[in-house]
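Subject: Structure for you to look at

Dear colleague,

I am handing over the structure we spoke about, and below it you will find a written account of what was found.

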Protein chains: 2
Amino acid sequence: MGITERKEREKAEMKRLIMDAARKLFIEQGFEKTSIRNIADEIEYSPGTIYLYYKDKSELLFDLHQESFQKLIEQFQRVLNIRDPFERLITMGRYYMQYGFENPELYELMFLMSSPIETVECREEIWEDGHVAFDMLRNIVRECIQAGYFKIDDVEGTSMMIWAAVHGLVTIHLRKRTTMFREGERIPRLEHAYERFVELIKGKI
Amino acid sequence: MGITERKEREKAEMKRLIMDAARKLFIEQGFEKTSIRNIADEIEYSPGTIYLYYKDKSELLFDLHQESFQKLIEQFQRVLNIRDPFERLITMGRYYMQYGFENPELYELMFLMSSPIETVECREEIWEDGHVAFDMLRNIVRECIQAGYFKIDDVEGTSMMIWAAVHGLVTIHLRKRTTMFREGERIPRLEHAYERFVELIKGKI
DNA sequence: CAAATAAAATGAACGGTGTTCAGTAAAGCA
DNA sequence: TGCTTTACTGAACACCGTTCATTTTATTTG
């Protein structure tokens, strides 16, 4: 009965075809501005066909959401070979910001979009990879505390605070709230602010 | 010729009537979910009428945007009587977060929404009040440096970094990325993270 | 192989959106 | 009173996400 297997394979291929087109358009012109009809045009199928493979538009987002967190986790793994936990922490922060600046539309739906959660909040799996990523931060902070880099033993609060700082910097850029800086100087300014933050947690400020 | 004056007054009153309805609905159900027809229903006029007073939907946002920054600046002014610049700074941060938590929809359009800027980016006035608010932060940071609270003389970078930290905390909450915490514990956790940040810039971490 | 069945794809239709504009009603003026 | 200006209306346009009766294509059965 190789036929049902082929069917399944074809179904998966079709989903991937749709997903690839959707990702391309979402990244190009954003989620809101991408219509089901656009995606249908891109793959040269009718709009109705997409609904045979994805429940609705938010399920497309859900899948891309998962994929994007996997990609961030991959970035974080590049850091694991760094011995010194503090060095590892600040490099992780740099990679986080880099990810946000280089993949604005993915960052958007991971951390900035309100719709995906509200529409598919019943699906708890949506945050599984998010928790994996945050756990990586927590573990490094814990190591930093154990190694004596932070005097206060508060993994949770410190992790949160560090995340908020880099997330804030990325968000300010992605939402274009940097009108006080000249164009082209904006990302450097934010990276400079991150350096200030690093100095801060080094205790040098 | 009191008649033209009355006309102008009536025009202003009508704009306020529309704005009041729009603000109410935006706060209640968000900008995206509020339609021009909703606003028209609320004030018992036809949809077309609204376009006689506001160019388009984004201009409604523009006006509310201005109003919201005024409100934030008012909050910041409550802080000016605090003598110690460092105490003033951390209280300002607390007021900022409080504003975000208490006025999620206003914060949304001030700092999180991408549409208002893209649609009316030609209007430079849109950030005037934003710059006033940021200048207030800059000035306090400058005072903190002068008073010896910060060793590094970098008003711009330090201000940016501090804004990013509190903005990050507010944004994490508003976009509901706090699934790692139990409901009802979320804001306290973020406030706790802010306290960690305060300890940090006090040099105690 | 042909007919019957099952699966896949279609595209018109529904109710929604922001926005425009010809037409109507009211107000101001001579 | 008649004329002009202003205010307002609501139908119409082009889009949106989504559904579903219908048609096309593929597979199974006789």
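Across the interface of chain A and chain B there are 2 salt bridges, a salt bridge being a side-chain nitrogen of Lys or Arg within 4 Å of a carboxyl oxygen of Asp or Glu. In one of them the side chains of B:D154 and A:R196 meet, with 2.8 Å from N to O. Between chain A and chain B there are also 15 residue pairs in polar contact, both residues being at pLDDT 80 or more; a polar contact is a pair of N or O atoms within 3.5 Å, where within protein one must be able to donate a hydrogen and the other to accept it, and where residues adjacent in sequence count only if both atoms are side-chain atoms.

Before going further, please keep in mind that this is a predicted model, in which local features need pLDDT of at least 70 and side-chain atom pairs count only at pLDDT 80 or more, while totals for chains, interfaces and linings use all residues. Residues are numbered from 1 along each chain as its sequence is written, chains are lettered from A and ligands numbered from 1 in the order in which they are written, and side-chain values use heavy atoms, with hydrogens and water left out.

The side of chain A that touches chain B draws two or more residues from each of α6 (104-112), α7 (115-120), α8 (128-146), α9 (155-174) and α10 (186-201) of chain A, and α9(A) gives the most, with 13 residues. By type, the residues on this side divide into 26 nonpolar, 11 polar and 12 charged (Ala, Val, Leu, Ile, Met, Phe, Trp, Tyr, Cys and Pro count as nonpolar, Asp, Glu, Lys and Arg as charged, and the others, Gly among them, as polar). In all, 49 residues of chain A are in contact with 48 residues of chain B, contact meaning heavy atoms within 4.5 Å. The two chains bury about 4,200 Å² between them, 66% of it on carbon and sulfur atoms; buried area is the accessible area (1.4 Å probe) that two parts lose on being put together, summed over both.

How are the two copies related? A rotation of 180° with 0.0 Å of shift along its axis superposes chain A on chain B, with an RMSD of 0.1 Å (by least squares on the C-alpha atoms of residues with pLDDT of at least 70 in both). The two copies are thus related as by a two-fold rotation axis. Moreover, 98% of the interface residues of chain A are also interface residues in chain B, so the copies meet through the same surface.

Turning to chain A by itself, its secondary structure comes to 10 helices and 0 strands, where helices (H or I, at least four residues) and strands (E, at least two) are DSSP runs numbered from the N terminus. Its domain assignment, which is automatic or taken from a database, gives domain 1 (1-54) and domain 2 (57-201). Between these two domains of chain A there is 1 salt bridge, and A:R23 forms a salt bridge with A:E67, the closest N and O atoms being 2.8 Å apart. Domain 1 and domain 2 of chain A bury about 1,200 Å² between them, 71% of it on carbon and sulfur atoms.

With best wishes
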